[in-house]
Amino acid sequence: MAEQAFAGEHIVGPAEAPDDVLRVEHVAKRFGPITAIRDINLHLRKGEVLALLGDNGAGKSTMIKILSGFHKPDTGTMWLKGEPYLPKSVDDARAHGIDTVFQDLALVDQLSVYHNLFLRRERVHRPIPFLSNRLMKREARKALDEIGINIPSLDVPVARLSGGQRQAIAVARTVSGDADIILLDEPLAAMGAKEGAMILDLIARLKAEGNVSIVMILHNYVHVFAACDRVSLIQDGVIVLDKPTSETSVDELTEIVVEEYRRARLAERSGNGAGAAGASSAAPANPTSPDTAE
Ligand SMILES: Nc1ncnc2c1ncn2[C@@H]1O[C@H](COP(=O)(O)OP(=O)(O)O)[C@@H](O)[C@H]1O
Ligand SMILES: [Mg+2]
């Protein structure tokens, strides 16, 4: 790519660990004139919970959507457990063991809670394939109980639930599946303190079991330091910090974000708007149209 690093910017290069399940090198993605991500290097170790941090518009969701098979990268390379990885669709990524809770939740409003929980992996009776409602309901209840989320009736359409309850269902659906890599895009955004704590407890339990590796986009640093092993901070489409949570602090993370703000203000004043990598354009932050068929 022709773009250059901005003055004062630190870009984290490719890194790896012997137990990596996922690796991303030099991934970039544009949407027409907008550069959503410029050059992302990431890795995820087995059993690890990685926080992907960054301001609105930094490119976090785009990265998650590339890993989840929703978008295709323009350039760059990805590996899944040592094998080249380029999912053709969200279903293809799922077949590879990567499941995602998207920021713009993929629940179907008209379907009941338990049908949403089993969307795309409906239980069927064999040899006659019809949905086993009783079995799905029982497992749905179990999955929700496991999180501790109280949803009075599993038969109501999810349109009637609160944002936090909907999010809890989306997370429950994903973690109760058999994926060994889970991507969570702002899973706690619409939740109250109690629901958020329940999801974090669930993630702590998964972590203790050690079989699942998680990338989680969070905004609240308290959650980051409570739940995550490592942080990767993304700014204007590149990773500018990659550290174990034990080696960084709220102060350090805040300082980097404030510095970026100052740099952008300076660039603005000197009439040089290039500091935003095109990412500050007026395009919607949550696109609804996929560029790969799901
Ligand atoms: N489908 C799309 N079409 C056009 N622009 C997009 C699309 N998806 C994301 N963008 C733009 O890319 C940039 C990064 O977006 P996103 O990855 O959603 O950021 P974040 O999740 O960090 O807030 C933003 O400027 C956003 O407007
Ligand atoms: Mg986002």
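Helices (H or I, at least four residues) and strands (E, at least two) are taken here as DSSP runs, numbered from the N terminus. The structure is a predicted model, in which local features need pLDDT of at least 70 and side-chain atom pairs count only at pLDDT 80 or more, whereas totals for chains, interfaces and linings use all residues. Residues are numbered from 1 along each chain as its sequence is written, and chains are lettered from A and ligands numbered from 1 in the order in which they are written.

The secondary structure of the chain comprises 8 helices and 10 strands. The average pLDDT (the predictor's confidence in each residue, from 0 to 100) is 82 over the chain, and 81% of the residues reach at least 70. Confidence is highest in strand β4 (residues 75-80), with a mean of 98, and lowest in helix α3 (residues 113-117), with a mean of 69. Over residues 274-294 the pLDDT stays under 50, and for this segment the model has 42 contacts beyond four places in sequence, two residues being in contact if their C-beta atoms, placed from the backbone, lie within 7 Å. Among the contacts in the chain with a separation of 6 or more, 70% are between residues 24 or more positions apart. Of the 294 residues in the chain, 40% are buried; a residue is buried if 20 or more other C-beta atoms lie within 10 Å of its own, exposed if 12 or fewer, and partly exposed in between, with C-beta atoms placed from the backbone.

Strand β8 (residues 213-217) is largely enclosed by the rest of the structure, because 5 of its 5 residues are buried. In a regular strand the side chains alternate between the two faces of the sheet. In β8, S213, V215 and I217 point one way and I214 and M216 the other way, and all are buried. Strand β3 (residues 49-53) runs parallel to β8 and is joined to it by 4 bridges, with A51 standing opposite M216 of β8; two strands are said to pair if DSSP finds at least two bridges between them. β7 likewise pairs with β8 in the parallel sense, over 5 bridges, and in this pairing I181 stands opposite S213. The chain passes from β7 through α6 to β8 in a β-α-β crossover that is right-handed, a term which applies if, with the strands pointing away from the viewer, the path from the first strand over the helix to the second runs clockwise.

The loop between β7 (181-185) and α6 (193-209) contains E186, a residue other than glycine whose phi is positive, near 50 degrees. E186 counts as buried because 20 other C-beta atoms lie within 10 Å. A positive phi, near 45 degrees, is also found at D236, which is placed in the loop between β9 (230-235) and β10 (238-244) and is buried, with 25 other C-beta atoms within 10 Å.

Two further buried positions lie within strands. V101, in strand β6 (residues 98-101), has 24 other C-beta atoms within 10 Å and is therefore buried. Beyond four places in sequence, V101 touches A170, V171, T174, L184, D185 and P187; the C-alpha atoms of V101 and T174, 73 residues apart along the chain, are separated by 6.8 Å. I40, in strand β2 (residues 34-45), is buried with 28 C-beta neighbours inside 10 Å. With residues up to four places away in sequence not counted, I40 touches V24, V27, M63, V238 and I239, and the C-alpha atoms of I40 and I234, 194 residues apart along the chain, are separated by 8.3 Å.
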